[in-house]
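Please keep the sequence and the 3D view at hand while reading.

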Amino acid sequence: MLLSSREMLLKAQRDGYAVPAFNIHNMETLQVVVETTEAMGSPVIIAGTPSTVESYAGSVYIEAMAQAAAANCHVPIAIHMDHFEDPDVIKKNILIGFKSCMIDASKHVFKENIAIVKDIVEYAHRYDAVVEAELGVLGGQEDNINVSEKDAMYTNPADAVEFVTATGIDSLAVAIGTAHGLYKGEPKLDFDRLKEIRAIVDIPLVLHGASDVPDHLVQKAISMGICKVNVATDLKIPFANAVKAFFVENPDASDPRKYMTPGKVAMEAVVRHKITVCGSANRY
C-alpha cells in the first residue's frame, strides 16, 4: 500500500535522519530504488517531475508501478509529484492515487505563492495527501525550469514562519545554497540560515538539489534539521554512463534487457550510498 510521506518524515525529524526522495524516470529506475531500499530497511519517496509523470511515463503508469512495488515491500513507500506548478494537474493525480506533492509556486510573489499553495493544501488534505512547498528559488535546472545563479534566492527565515502558518503545508523546501543539476564550482551552504529556520519552523524541512553535494555537507544539513533529501542527477548520470559503455563494448546489441542491466547496477550503488548518507537504513 502506498502511503503519504507524513509519518515517515515526522519520524525522520524525531530520530535525526533523512528520508531519501529519488527521482525516477522509468520502470528500471523504480525497481532499483524500491528493491534497494527494501533490502536496506529504508523508507523511500519515489519522486517524479512533470516531464516524467505527465509527458513521458504517464501518471497512471507511475502510480500502478508504485502500487505493485509497495505490495511486495515492508518499508514505507510514497509517490511524490516533484516541482509541479499546475494545480489542476496536482489535483488530478491526487485522485489517481498520489499521496504526496510539491506545489512549486516559488516564482510568484510572496502573497500569490501563499494563495496557490493554500488552495492545494486544502484539497490534498481532504484525500490524506501531503503538500510540500518551496520558499526561495534554487539555481540550476529542474525539468524545463532553468534558474540562473543571479536569480536564485535564499529562504528568508521570517517569511518562512508566515508562509508555513498561512498555508498549512506539511513540509518546507528551503533554499540555502544548493542547486538543481550539477554545480559550477564548490557548493557553499548557508548553515546559519538553516539553523535559524529550524529554530522557528516546526514542520519537516527538505533539501532540494542534493546531487553533487559533498556527503559531509548533506549530513551536516541533516544534523541541523533536514529530514528529506532529493536525489535526481546523481542517478541519471551513472545510469547513462553504464548504458553508453555497454554499447561501446557491444555496438550491435539491441536487447533492452541486456543494456539496461548495467545501468540498473550502477544506480543501485548510488541508491545504497545515498541511503547511507541519509542515515535511513534499518529504520523499518
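Is Asp128 buried, partly exposed or exposed? Asp128 counts as partly exposed because its relative accessibility is 43%; buried means under 20% relative accessible area, exposed over 50%, and partly exposed in between, with a 1.4 Å probe and protein chains only. The model is a predicted one, in which local features need pLDDT of at least 70, side-chain atom pairs count only at pLDDT 80 or more, and totals for chains, interfaces and linings use all residues. Residues are numbered from 1 along each chain as its sequence is written, and side-chain values use heavy atoms, with hydrogens and water left out.

**Overall form**

- The C-alpha trace spans about 60 × 40 × 35 Å along its principal axes.

**Burial, contacts and charge**

- Of the 284 residues in the chain, 56% are buried.
- Of the contacts (heavy atoms within 4.5 Å) between residues at least 6 apart in sequence, 72% join residues at least 24 apart.
- The chain has 26 positive and 37 negative side chains, and the centres of the two sets lie 2 Å apart; Lys and Arg count as positive and Asp and Glu as negative, while His and the chain ends are not counted. Each charge is placed at NZ of Lys, CZ of Arg, CG of Asp or CD of Glu.

**Strand E11 and its partners**

- Strand E11 covers residues 226-231, and six of its six residues are buried.
- Strand E1 (residues 19-23) pairs with E11 in the parallel sense over four bridges; two strands pair if DSSP finds at least two bridges between them.
- Strand E10 (residues 205-207) also runs parallel to E11, joined by three bridges.
- Val229 in E11 is the bridge partner of Pro20 and also of Leu207.

**Residues with positive phi**

- Most residues other than glycine have a negative phi.
- Asp128, although not a glycine, has a positive phi of about 60 degrees, and lies in the loop between helix H6 (110-126) and strand E5 (130-135).
- Asn282 is likewise not a glycine and has a positive phi of about 60 degrees.
- Asn282 is found in the segment after helix H11 (256-278) and is exposed, with a relative accessible area of 66%.

Key: Helices (H or I, at least four residues) and strands (E, at least two) are DSSP runs, numbered from the N terminus.
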